[in-house]
Amino acid sequence: MLFLALMFGLNAVSVKGFGESEFWFALIKVVAVVIFIVTGLAMLAGIIHGAEGTGLSNWTIGDAPFAGNFAAMVGVAMIVAFSFQGTELIGVAAGESENPRVSIPKAAKQVFWRILLFYVLAILVIGLLIPYTDPQLLRNDVADVSVSPFTLVFERAGLLSAAAVMNAVILTSVLSAGNSGMYAATRMLFNLATEGKAPRMLARLTRNGVPLYALLATSALAALCFVSSIFSPKVVYIWLLNTAGMTEFIAWISISVSHYRFRKGYIKRGLDLDALPYRAGLFPFGPIFAFVLCLIITLGQNYNAFLQERIDWVGAIATYIGIPLFLLIWLGYRLVKKTRFVRYADMTFPTDTSA
């Protein structure tokens, strides 16, 4: 409750309050991850002891590097997506950026390198230092975690104080994720309200330009996490994780379709691509690849539930609950409002003077 109140306060003051808090949260994460990567590489190079019997040999232990084969890879993608959520926040923040034509393209280009450094390189270091069979890692279920792999690396390096600090850093990372998620959800609710697709009350702004009612609605929904204290915390967590992760994949599928159709329509109108403030590379391969990959992960998340002698309906519903909810809302809106896809020839753009 204290952390929820803190996130609400940071978002309720002004967008500057959110931005300032995210700056410091991000700085803490960046410094911690850089120190972690340097420490891990020093252990692999033998400069710091504690990495005996590690390295590429971790990728040949048991079923490594693909323990559980394709089913496990697809299954873990939901948790990975939950961790990656927020990269699309750049687009949400564009409306409140001082100079979006300059800052947004710059931020979009930096996302790739940040993911490569802070996600891929960090996971590579962990994979080289800690085998998946380590008894202190996740063993049986979500309630059976002994220690974070980040903390474990520092412990094996003999840096016990750093290991304790890393636990605090993980806490700030959770706060940062919740803070940015609350900001994004609030702004999307506000935008829906201004377009007449949500109650108009949610479009009201405070003197500081904060959509307070949308923020209150978002906070009320976030408070549902306390339901876990009534029911089984593990069960509620799994349902929330699957719902959030599945929704994110659906959002990325929508982004892929929107990007593909935007570029096709833009070209169809005979407009110059160089006039765009930012142009994504690898088109049309990029959005097509993203669409196919997200679709495979979305539909194959728990396909094993249907391959058993008796279908695991509880597990299947817990995994795929986001899909029928999305279809209900999307198709329901299309039927009520009688909307349709805009043809390429009918699309208009801010730089299009022919319409």
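Reader: Hi! Let's start with Arg279: what is its relative accessibility?

Author: Hello! Arg279 has a relative accessibility of 42%, so it counts as partly exposed. Buried means under 20% relative accessible area, exposed means over 50%, and partly exposed lies in between, with a 1.4 Å probe and protein chains only. Bear in mind that this is a predicted model, in which local features need pLDDT of at least 70 and side-chain atom pairs count only at pLDDT 80 or more, while totals for chains, interfaces and linings use all residues. Residues are numbered from 1 along each chain as its sequence is written, and side-chain values use heavy atoms, with hydrogens and water left out.

Reader: Good to know. Which residue does Arg279 meet in a salt bridge?

Author: Asp274, with 3.4 Å from N to O. A salt bridge here is a side-chain nitrogen of Lys or Arg within 4 Å of a carboxyl oxygen of Asp or Glu. Asp274 has 58% relative accessibility and therefore counts as exposed.

Reader: And how many salt bridges are there by this rule?

Author: Three. One of them joins Arg343 to Asp346, with the closest N and O atoms 2.9 Å apart. Arg343 is exposed, at a relative accessible area of 53%, and Asp346 is partly exposed, at 36%. Another links Glu195 to Lys197, where the closest N and O atoms are 3.3 Å apart. Glu195 is partly exposed at 44% relative accessibility, and Lys197 is partly exposed at 44%.

Reader: Switching to helices. At what angle do H7 and H8 cross?

Author: At roughly 125 degrees, with the axes of H7 (residues 160–194) and H8 (residues 212–222) coming within 8 Å. Helices (H or I, at least four residues) and strands (E, at least two) are DSSP runs numbered from the N terminus. The axes are lines fitted to C-alpha atoms, for helices over the stretch in contact, and the angles run from 0 to 180 degrees between N-to-C directions.

Reader: Which residues make the contact?

Author: From H7, they are Met182, Ala185, Thr186, Leu189 and Phe190, and from H8, Ala214, Leu215, Ala217, Thr218 and Ser219. Contact means heavy atoms within 4.5 Å. By class, this contact of H7 with H8 has seven nonpolar, three polar and no charged residues. Ala, Val, Leu, Ile, Met, Phe, Trp, Tyr, Cys and Pro count as nonpolar, Asp, Glu, Lys and Arg as charged, and the others, Gly among them, as polar.

Reader: How about H2 and H5, at what angle do they pack?

Author: About 35 degrees, with their axes 10 Å apart. H2 passes H5 in a left-handed crossing. Residues of H2 including Val30, Phe36 and Gly40 meet residues of H5 including Leu117, Phe118 and Ile126. The contact of H2 with H5 divides into 16 nonpolar, one polar and no charged residues.

Reader: Which residues of H6 are buried?

Author: In H6 (residues 149–156), Thr151, Leu152, Val153 and Phe154 are buried. The buried residues of H6 pack against H2 (15–44), H5 (100–129) and H7. Just after H6, Gly158 takes a positive phi of about 85 degrees.

Reader: Now the backbone. Which residue besides glycine has a phi near 55 degrees?

Author: Lys338, in the segment after H12 (322–337). Lys338 is exposed, at 71% relative accessibility. Leu282 also has a positive phi, about 60 degrees, although it is not a glycine. Leu282 sits in the loop between H9 and H10 and is exposed at 65%.

Reader: Where is Pro284 found?

Author: In the loop between H9 (233–268) and H10 (285–299). The peptide bond from Phe283 to Pro284 is cis, with omega near 5 degrees.

Reader: Last one: what separates the C-alpha atoms of Met1 and Ala223?

Author: They are separated by 8.1 Å, with the two residues 222 apart along the chain. Met1 lies in the segment before H1 (2–13) and is exposed at 64% relative accessibility.

Conventions: A crossing is left-handed if the near helix is turned anticlockwise from the far one by less than a right angle, and right-handed if clockwise.
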